[in-house]
Every structure is written in structure tokens, then in C-alpha cells.
Amino acid sequence: RKEEEHRGAVELVRQIQQNEQDRLLELELKDQANAAENKRLESLMLEEYEKRKLIKQKQGELRDELNRANETMLLRREEEKKLDLLNDLKVLEIQKERADREAAYEEEQQQIKIEKEKEIARLRAQQERAKDEQAERDALRARRAAEEQERKFRQKELDE
């Protein structure tokens, strides 16, 4: 069972690591996509700035949009980190509950075993007492029979 728990724990750690790698890869791809988008937007803004003054207003709007996207991305990353942490804590809690249940079960089984052993010992002692009492009764019966036999023998001798 310990080996099974260990294998389970190792598998869980492997899965957590794999999930972390997958998440980091996804974030890296998102970062690259955002970086490419940022570069494209900056290029457009510079080009528009050189062409017309009026586009400066649009550049500000694009910058604001970019900032909002970055802020959203950062918030999303933080939220993902929180979710990952919550998931890890939940997994640990489940493992602890399982270990607690198993320990309680083991303790209960040990208690049952102790109770059975006590009951067996009690029954053996009871059997031993009954055997001793029976032996005493048999000895008493034998002694009385011998005494009776002795009395009859003496009576017979007296009668003769």
C-alpha cells in the first residue's frame, strides 16, 4: 500500500510538473503572440505619426488598448497562478484526507484485532476455568465413590 501511495504521489508530482510545463509553454506562446502584436501596433503607430498629426489621437487609443490587453493578460496570469495554487492545495488536501482515512481504518482494524484477541483470551480463560471446575467435580465424585466403596467394604467386614 505504501508503495502504491508512493507511486500515486510520484505520478501526481509528474502530472503537476507536466501541467506546469504545458502552462508555461502556453504562456510563452501567448507572450510571443502579444509581442508580435505589440511590434505590429508600434510600427503602425510610427508610420501613422509620420503621415499625419491627426493619427496621434489614434496612437493614444491603440496604446490604451495595448495597455488594457497587457493588464488583462497580467490579471489572467495571476488568476491562473491562483487557480494552480488552489488546485495544488486541493490535491494535497485530498491526499491528506485519504491518508487520514487510511490511518483511521488501520487504527480501527488494530482495535478490532485487539478486541478479538481479548475475547479469545477471555473465552480461553473461561474454558480453562470450566475445565478446572469439571476436573474438581470429577475428583470429588471419585473421592466420594472411593469413600463409599471403603464404607461398604468396612461394613462387609463388620458383618462377617
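**Pockets, a patch and some charges**

Colleague: How do the residues lining the largest pocket divide into nonpolar, polar and charged?

Modeller: Heads up, this is a predicted model, where local features need pLDDT of at least 70 and side-chain atom pairs count only at pLDDT 80 or more, while totals for chains, interfaces and linings use all residues. Residues are numbered from 1 along each chain as its sequence is written, and side-chain values use heavy atoms, without hydrogens and water. Ala, Val, Leu, Ile, Met, Phe, Trp, Tyr, Cys and Pro count as nonpolar, Asp, Glu, Lys and Arg as charged, and the others, Gly among them, as polar. On that basis the lining splits into 5 nonpolar, 2 polar and 4 charged.

Colleague: Which element gives the largest share of that lining?

Modeller: A pocket is an open set of points on a 1 Å grid over the protein atoms alone, reached by a 1.4 Å probe, with protein on both sides within 12 Å along at least five of seven lines; lining residues have an atom within 4 Å of a point. Glu4, Gly8, Leu12, Val91, Gln95 and Arg98 are among the lining residues here. Two elements give two or more residues each, helix 1 (2-51) and helix 2, helices being DSSP runs (H or I, at least four residues) numbered from the N terminus. The largest share, 6 residues, is from helix 2.

Colleague: And what volume does the largest pocket have?

Modeller: A volume is the space filled by probe spheres set on the grid points, which are joined across faces, edges and corners. For the largest pocket that gives about 240 Å³.

Colleague: How much space lies in the second largest pocket?

Modeller: Its lining includes Ile16, Glu20, Arg23, Asp84, Leu85 and Val91. Helix 2 again leads, with 5 residues, and the lining divides into 3 nonpolar, 2 polar and 4 charged. The space comes to about 180 Å³.

Colleague: Why are Glu26 and Lys30 about one helical turn apart?

Modeller: Side chains of opposite charge can pair when their charged atoms come close. Glu26 and Lys30 do form a salt bridge, with closest N and O atoms 3.1 Å apart. They are about one helical turn apart because they sit 4 residues apart in helix 1.

Colleague: Is Lys118 buried or exposed?

Modeller: Lys118 has a salt bridge with Glu115 (4.0 Å, N to O), and both lie in helix 2, 3 residues apart. Buried means under 20% relative accessible area, exposed over 50%, and partly exposed in between (1.4 Å probe, protein chains only). Glu115 is partly exposed at 42%. Lys118, at 51%, counts as exposed.

Colleague: Last one: which residues make the nonpolar surface patch?

Modeller: Nonpolar patches join side chains of Val, Leu, Ile, Met, Phe, Trp or Tyr within 5 Å, from residues with over 30% relative accessible area and no salt bridge; like charges are joined within 9 Å. Areas come from the Shrake-Rupley method with a 1.4 Å probe. The patch covers about 490 Å². Its members are Leu83, Leu85, Leu86, Leu89 and Leu92.

How values were computed. Salt bridge = Lys/Arg side-chain N within 4 Å of Asp/Glu carboxyl O.
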